[in-house]
Amino acid sequence: MEGVGYRAGEDDKQWSDSKGQHSTCVKEKQLETLLEDLGLEQLYPEKLSLSTLLQIDKKTITDEPAKCNSDLPWYFLKKLMMVNVTARNAKCTSACESNVDAASGKTELDFDDLFDNLHLGDMLNPLDIITALFLCSDGFVRQEMALKMSMCQFSVPLLLPNCDTNQCTLMLWAMRDIVKKYRPQSLSESKGFIEDRIVLSELPMISFVRLGECSLSKSEILNKLLSNSQQYHDTFVHRDMDCGDSPRRISNGLVEITWYLPCGNKNMDVFSEPVAVANLRGDIASFEKQFSFLCQTSAAVFVFFDTLDSECELLTNQHHKAQIFLVGNHQSKRSSIDALKKVATKQGLTKSNILLKTKQMNDADFVKKLRKTVSNVVENSKMEMGIEQMADIAHELEICVDEDSPECQTAKKNADAITAEIPHILQYKKAQLPLQGQIWKELTRLEKEEFRLRNVGSDKIEDYKSDLQIQKTKLRVKQNSYDMSIAMICFINAISSPGMERCYFLKWMRMNLDNVSRGKLSDLREQYKEKCKNSENKEEIKDIDRQLSNSSLGTEHFFREMGQIYEASLSLPERDPSRQQLQHLPKLCAQLLLDGFPLELVDGEASNIPLRWVSDVLSQLNDLMSPKSKILVVTVLGVQSTGKSTLLNTMFGVQFAVSSGRCTRGAFMLLIRINEDVKKVLNCDFMVIIDTEGLKSPELAQLDNSHEHDNELATLVVGLSDITIINIAMENSTEMKDILQIVVHAFLRMKEVGKKPKCQFVYQNVSDVSAHDKNLRNRKLLLQQLDEMTQAAAKMEKKEENKSFTDVMEYSPDTGNCYIPGLWNGNPPMAPVNAGYSEAVYELKKNIIQVLGSCESSANNILEFREWMKSLWNAVKHENFIFSFRNSLVADAYMRLCTEFNKWEWEFKNEMYTWVTHAETRINNFGTVAVKSEISDMRQLLTQLKSEACTVLYKWETKLLENLAKYFKQTEGHVYLVEGFREDFANSAKSLRREMESSVFNQLTSAADIRQGMAELDRIKENHTKQLEERVCALIDKCREKKVKMADKELDIEFDKMWKETVNKLSFSKQKATNVITNVSHYLRDNVSQKGSHACELLSQNSLDECGLVPFKYTAEGFYKQFKHKASQLFNIEDHVMALQNLADCIITNCTQFVTERMERKNNYHDTYIQEILHMIDERLQNNQSLKIEIQFEVSLKQHICGVAARQFQKLHEDLIRANDPYRCLNQNKEKFHTDFKDVFHERDQCQKKAEEFTDRCLRPAVEDFVYRSLGPDIIGEMLTNQTFSTRMFFQYSVLLDLLSEDDFENYLSYICSYEEYVKNWILKQIVERFSNGSTMFEFEDQHVQSSIRSINDAVNKAKTEKSGNLKSFIQNVCQELGDKLVISQDALGAFMILNNADQEQFAHWLTECVKDMAQDLRVRFKKTNIQMKLQKLNVNPQNELFTELIGCGKQCPFCAAPCEAGGKVHTQHWTSLHRPQALGRFRSHTTKELVTDVCSSSVISDNRFRCTATNGEWYPYKHYANIFPDWRIVPDASLQASDYWKYVLAKFNQQFAEAFNAKPADIPATWKRIARKQAEESIKVSFNTK
Ligand SMILES: Nc1nc2c(ncn2[C@@H]2O[C@H](COP(=O)(O)OP(=O)(O)O)[C@@H](O)[C@H]2O)c(=O)[nH]1
Ligand SMILES: [Mg+2]
Ligand SMILES: [Zn+2]
Ligand SMILES: [Zn+2]
């Protein structure tokens, strides 16, 4: 506000106060109180930092207007940071006060209060707010404010007053960052322009000041002076603006500056040459220092006045260089011509130096006059001065300069030392930054070739790769041979300096380097433009391109060099001092990131990421942040120079390079802090912003591989981001199409690897308000185009199931679009930023934050971000991204899912084991005294049990599926990454249920059948026993009748006689044995008949009796017959025979084991046994389809196995019949009858004896049986708690690690050749190891013993209460009670029951005692039995069960036979973490007979070919292996070290393997020999993701 006298009163007092001595103490507090009003007192002086200012807080996401004074500064800053031209129109609503009212609950009208409110609500002048903020801000915030203010075409402070100290400061540093472009008259022809840092530009400055009071509004006049006819703009705050008329409390003495810059169009330009305009607030009488300064620096000073005091010393005293112009308002009565004359003569002013605004003159006329005067001055001025030069004058006048601080000065010195001598940029880079040049590009080429193998040429891939590695090492050595350059030493030293100095240094560097390259580049750009006019200059254009890229030099080049120095040092030995000296660099860089400096992710020149360097910086960053800090990533993609960086800068207040004239490419990231108050909303601590450069840039498009590089970059940044902004400038739609294609590819790839980033389309330069609606049609069209592109991209990536754009990314056509009007309101350079632009960007920002806040899954942390970066980049380096992508986070998430799933699976199985045990117990007790249920028919029981089983099984299937669903609902653990596998696991759950069902049914049926078979025998035996008992009783009666005391001997004779007679009288029909062999034959035929008539024919050539008598030996006879014509050319017959023999051996071992187990259990034979065996054989054969299995082989193998099994089962069956032969059983009990007879005869007390007998014969075996039934699942459960058994991957890892620790050839060989056997033994070893020590096993056993004892005691107690009085019914009651748990042998029970007359009470008493002893005894016996013996007795075999669990689908890699590790049993794709050199699969060269070193994971990316039975012996390219083995996914080795393990093994045992495989040793590549055991170990840790 100007013209204080205009509005007499307070204002007058205020400015006159500053002169008065008496009011110093009031004055000294002016600033303090204002800062308090604004709530800024804590930040004074210079405490507001950029990172505080830029953090995202509540104010960012809510759009509330300022409510009270303390909101105003923030309101202003927030808007200013988004370059909103309305920023200065800050005004608070009175809501603040009324809120106070509401809070205090006042209801009465209180007029005093009302009055107070008015007073409190006094508006603050915007200039006060700006001044206050400058005083409170540090140098970097000041720069940012000045920059944004100048973009808004606001005046910026030149001299900043401090009314409390009476000091003022020249804002040189604050303006340093302002760069302006303009076109002076002289260049308007050539369409050239000048681009310069404004503080360095030497321009004439015109100053405007006021003397005394003035009724003219100086600022308003100035605004009019500077505005062109079409557009008025408020450069200076004036009194007609919002709050512009509020009294200024601290901003008097402020000098503001602005620039008028021409655009080169005569009709539009106000001045044809650039000019700086300064404006002093307040009366020069009070601010002499400022006035003197202006007089010394300006070309002209215009003094506005109403009255002139002729005695005024002020004007005359000045020793000024500037011309003085007097501007008076003639309307004012007080103006006196006399005084004016006097002053004018004193000053020697001519008439032209005096401007009077007469009554007739309106503002417009007056401004015109003023303009003309100014124009004259500008055109004729010799006084041109840059602001930098003004610093000296300031110092002379004791005005501070903001660059005076020692930090800033030291930093400047350091920066100047580096940048002073740069005569030629390219040469400078070569000399000072040598590591990043050609060497780094060559390294990049090698690195990519290592992944792509484009030029492999020869057959030996591994040799080629080894060679590449050696070349890489050489380049690193070369890098290390350079001494660190002086520039780099200075640079690293300077960025190691503390806090502020470092920031100043980097800023200085950035500005200095910009200045250096700006000059060189504008030249080249001109040339470029020239050449482009003629499209024939392709070569020349290319050359200029190269020069452009060579001539750019920024701080990023220094950081890049640092990265290379660091990476190269890593190839030195760990203890090397020059390596250790550089260890701290990543931390340094991480600190810079935290301070808000950008980090170069992708070096666009080499098109590579220095992975180690960036990873280590990120790791350090992670250490510096609070643990588990989460980040959200926002990136932008779009054609070069479409305002991406401008958009990000506007949105977040950051400083990405805005087309500074450099021609860069790559990606930069920086961090923005999230304030506490919104951390909850966003669920993260930092936001990472990634800016990309050089995409589809017309200049760079000329370079080779440009398209490829664009795709790489886009894939990386899309993969890293949570939300991607796709920036589209509406004017160039062809480029837009290109960019969309790239983007669609990137998104498609992300979808395939399990990531679905969000996306936001931004259309720039759309200003129509109806844009959104109008563009509905366009959007539809766009979406249609996107769909087409998606389909095309999907085809290229071979993922055709993606049909529409929304399949690959989360995009809503309604909310995913944003229209942003043009950046400038008018014509640059004088155009301010369009308010509409700023507002639209703000809407976008809020939208983005809102979208990010509503993310379902949790954000990544820095380490996860790092992992994404690594894996994305590694995959990008391959030609085929989707197929090469491998990410430890995905692997981790998968591993977790597998672990969980395995747990559920085991719970299910365990539950079913328990259930089956229980059901079998019921079946086995069926028809005995122990039976409780009403069911009298076994079929009925079986049906009931089966239906129960179904219910339980379905319950569990549902539970599994529910678990799975719940698992995928989690927000933690990145479950979305494995979403693609969900179906597999659901299918596995269903298949598990099916499998369990059939196994349970089998068990139930066989148990029932066997029980049924025994029922007849039982009845016979029972009958016999009964008859005998009657006889014995009769005999006792007979003997007692004799009334003579009979000697034992006589009794014996009597008993013997009776026994013989009775037994002779009983009828014993001999049990007939079934012919098991016939049954087996039947099932075998049934099985084989499915293979066709030829198979049946083969089968009937041999009778089963004759099969399996000699060891199975496969002869290639049938094979020769079948493939006679091409056998020899197909493959090595010996190998084939050997492989089949191996397979056969393995199957035979398994089946034999199955048979042995059945024999061990001593149950009767059941047909399900042979069915299971056939099923086992079929399954294995199925899993080895890569071997050509001819029918002859299959049939003879099956016959062999069935033959052996049939004979064994026959024996089992016959043994069982023999054992249960009634006659035999009866005779076995003879002795017992005998003693019982004598006991009863003598009326001896039987209680104790009977109790013992019952315990020993009935209970003990039942309890033992119970324990062994339960122990199997216990052991499995226990083993599964071990991490080794948690997943297939971990299991493989453990086995391999163990192999390595023993490092024994035989072990490796056995693992490779007899995998199943080796692994089963290994599992057994683990079990034995686990249970040999410690008491776990004993605890399990004891637990079951105790539970049995408890059941027995309970049963006894319950039976006691029944009071039947009869011992028999007592025992029956006990048995019935136990019937659900224990299976009591009927034979034993029957024998026990006879001649029993024990007293029930007594018996019960003794029984309890005996049971106690038995428990003790059992414990001792269990302890004595070793673990191997126990394992044999178990019903559920733990090592088999674990093996099945861990073998999963059982498939093996078709090339190297590494086992599949995919989770669940049913999965769509098989894969393995670690492929082996083919030598280990017995591959040898046709010609040399040498073992082959190729690894499948490399072969599949090479141009090599393979042939096998699956290709019918035809050569086929490895690259397209998926056509031959569609269910295999063979991923290239992402780390390039994964197969180090096997390379190490092969290198070490090359000779032995060769002997074992009957080949010549492999020609081991040089680098393999250097792999140490430790490295091998590391490599499996990486492959199996256990690090
Ligand atoms: N006319 C106009 N110029 C713009 C707009 N947005 C950005 N610019 C200017 O275009 C140039 C390139 O902008 P920059 O943000 O560096 O583009 P980037 O390469 O996509 O990052 C800068 O000089 C901007 O000032 C706009 O909407 N309209
Ligand atoms: Mg950019
Ligand atoms: Zn393989
Ligand atoms: Zn599999």
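A salt bridge here is a side-chain nitrogen of Lys or Arg within 4 Å of a carboxyl oxygen of Asp or Glu. By that rule Asp177, Arg197, Lys507 and Asp514 are linked in a network of salt bridges.

The model is predicted: local features need pLDDT of at least 70, side-chain atom pairs count only at pLDDT 80 or more, and totals for chains, interfaces and linings use all residues. Residues are numbered from 1 along each chain as its sequence is written, chains are lettered from A and ligands numbered from 1 in the order written, and side-chain values use heavy atoms, leaving out hydrogens and water.

**Exercise 1.** Work out which residues are the protein donors of the zinc ion (ligand 4), and what geometry the site has.

*Solution.* 
- Take N, O and S atoms within 2.8 Å of the metal (3.2 Å for Na, K and Ca); water isn't among the atoms, so sites may look incomplete.
- That gives Cys1449 (SG), Cys1460 (SG), His1467 (NE2) and His1470 (ND1), at 2.0 to 2.2 Å.
- Now check the angles: they run from 98 to 123°, so the site is tetrahedral (four donors, all angles between 85 and 135 degrees).
- Along the sequence, the spacing reads C-x10-C-x6-H-x2-H.

**Exercise 2.** Find where aspartate 1265 and arginine 1269 sit, and whether each is buried or partly exposed.

*Solution.* 
- Their side chains meet in a salt bridge, 3.2 Å from N to O.
- Both belong to helix H51 (residues 1247-1280; helices are DSSP runs, H or I, of at least four residues), four residues apart, so about one helical turn separates them.
- Arginine 1269, at 11%, is buried (under 20%).

Conventions
Tetrahedral: all angles 85-135°; square planar, octahedral: opposite > 155°, others 65-115°. Helix = DSSP H or I, 4+ residues; strand = E, 2+ residues; numbered from the N terminus. Buried < 20%, exposed > 50% of the residue type's maximum accessible area, 1.4 Å probe, protein only.
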